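Q: I want to learn how to read the cavities in a structure. Please show me on an example.

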Amino acid sequence: MSGKYLVTGGAGYVGSVVAAHLLEAGHTVTVLDDLSTGFREGVPAGAEFIEGRVQDAAKWLDSSYDAVLHFAAFSQVGESVARPEKYWDNNVGGSMALLTAMREANVRTLVFSSTAATYGEPAGTPIRETDPTAPTSPYGASKLAVDHMITGEAAAHGLGAVSLRYFNVAGAYGEFGERHDPESHLIPLVLQVAQGRRDAISVFGDDYPTPDGTCVRDYIHVADLADAHLLALTAATPGEHLICNLGNGNGFSVREVVETVREVTGHPVPEVVAARRAGDPAVLVASADSARARLGWNPSRADLAGIVADAWAFARRK
């Protein structure tokens with residue numbers, strides 16, 4: 001059955017792919033984005049677009065909407081350390097305003113874009129939703145604060161909500177892909193080297209207790225991620241706040257990513273070993289057992305070469 005959905009931050013990387021999936025499934029979509037980090041051309045054709053802040057969602061949200069999918073957040077870890085007030089104001093304040101608008105409009109279903117950064121440095125792997133949360137940045141702390149707010153809203157006011165904690169999102173979906181400014185994600189950075197836009201890729205530490213000495217991360221294709229959001233809409237239960245990790249359960253090292261980019265692109269990718277970055281755990285891999293059990297979600301695009309190939313196709317479009 002088709003529904004009507006508000007997608008906040010729907011001009012950004014993940015939000016645009018989810019909006020495209022919703023439209024393909026026959027739903028009606030409104031994208032709300034202030035374009036501070038998103039792109040107008042990232043809004044899929046067929047979606048209504050409102051240029052505005054999530055703090056002002058009450059201006060447009062009404063009872064005709066079936067649910068909200070909330071992606072509107074700043075997400076640069078380094079910036080959050082330098083400007084924590086920006087992250088508290090937007091990520092936390094904006095989400096609080098959105099929850100209030102949803103309550104007043106009687107929109108009782110929410111899917112929230114959370115993050116693995118809520119866990120901080122994990123005690124072990126794979127990381128489960130029951131593991132301690134100890135974020136090491138204001139970005140992670142702001143997302144965890146919103147998770148706490150949602151839990152209270154569900155208990156007190158009957159909201160049905162699902163928070164999806166992403167690990168390393170990568171790849172592209174047709175015309176929708178990564179273009180952060182500044183770029184901080186590994187795969188697009190390595191692709192910039194393959195394109196000749198960057199001289200070399202920095203490998204931060206090659207002496208970790210991993211098979212090749214470099215950090216291991218769990219990469220999930222953005223289209224698999226979008227599938228989880230659509231499933232979450234049907235899994236949301238009034239009065240419950242469900243939290244699910246999203247990852248493949250397998251990790252790839254920095255050097256494996258670099259070598260895969262070389263194979264996919266056919267270009268040399270020089271690398272420079274640099275010092276470890278403070279707070280970089282050796283291994284970050286998710287357990288997605290809850291997402292499989294509660295959402296019926298099974299990622300189908302777990303092949304690293306496929307993820308890189310889709311990202312490479314998008315990078316060459318720009």
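A: Start with the term. On a 1 Å grid over the protein atoms alone, a cavity is a set of points where a 1.4 Å probe fits but cannot get out; lining residues have an atom within 4 Å of a point. Grid points are joined across faces, edges and corners, and a volume is the space filled by probe spheres set on the points. This is a predicted model: local features need pLDDT of at least 70, side-chain atom pairs count only at pLDDT 80 or more, and totals for chains, interfaces and linings use all residues. Residues are numbered from 1 along each chain as its sequence is written, and side-chain values use heavy atoms, without hydrogens and water.

Q: How many cavities of 30 Å³ or more does the structure hold?

A: Rolling a probe the size of a water molecule over the atoms shows where empty space is left. Here there are two such cavities.

Q: Which residues lie nearest the centre of the largest cavity?

A: Glu178, Pro188, Leu191, Ala311 and Ala315, out of 14 lining residues. Helix 5 gives the most, four residues. Helices are DSSP runs (H or I, at least four residues), numbered from the N terminus.

Q: What lines the second largest cavity?

A: His70, Ser95, Leu98, Leu99, Met102, Leu110, Val146 and Ile150. Helix 3 (84–105) and helix 4 each give two or more of them. The volume is about 30 Å³.

Q: Where is Met149 found?

A: In helix 4 (residues 138–157). Beyond neighbours within four places in sequence, Met149 is in contact (heavy atoms within 4.5 Å) with Val92, Ser95, Met96 and Leu99.

Definitions and conventions:
1 Å grid on protein atoms, 1.4 Å probe; cavity = no way out; pocket = protein on both sides within 12 Å on 5 of 7 lines; lining within 4 Å.
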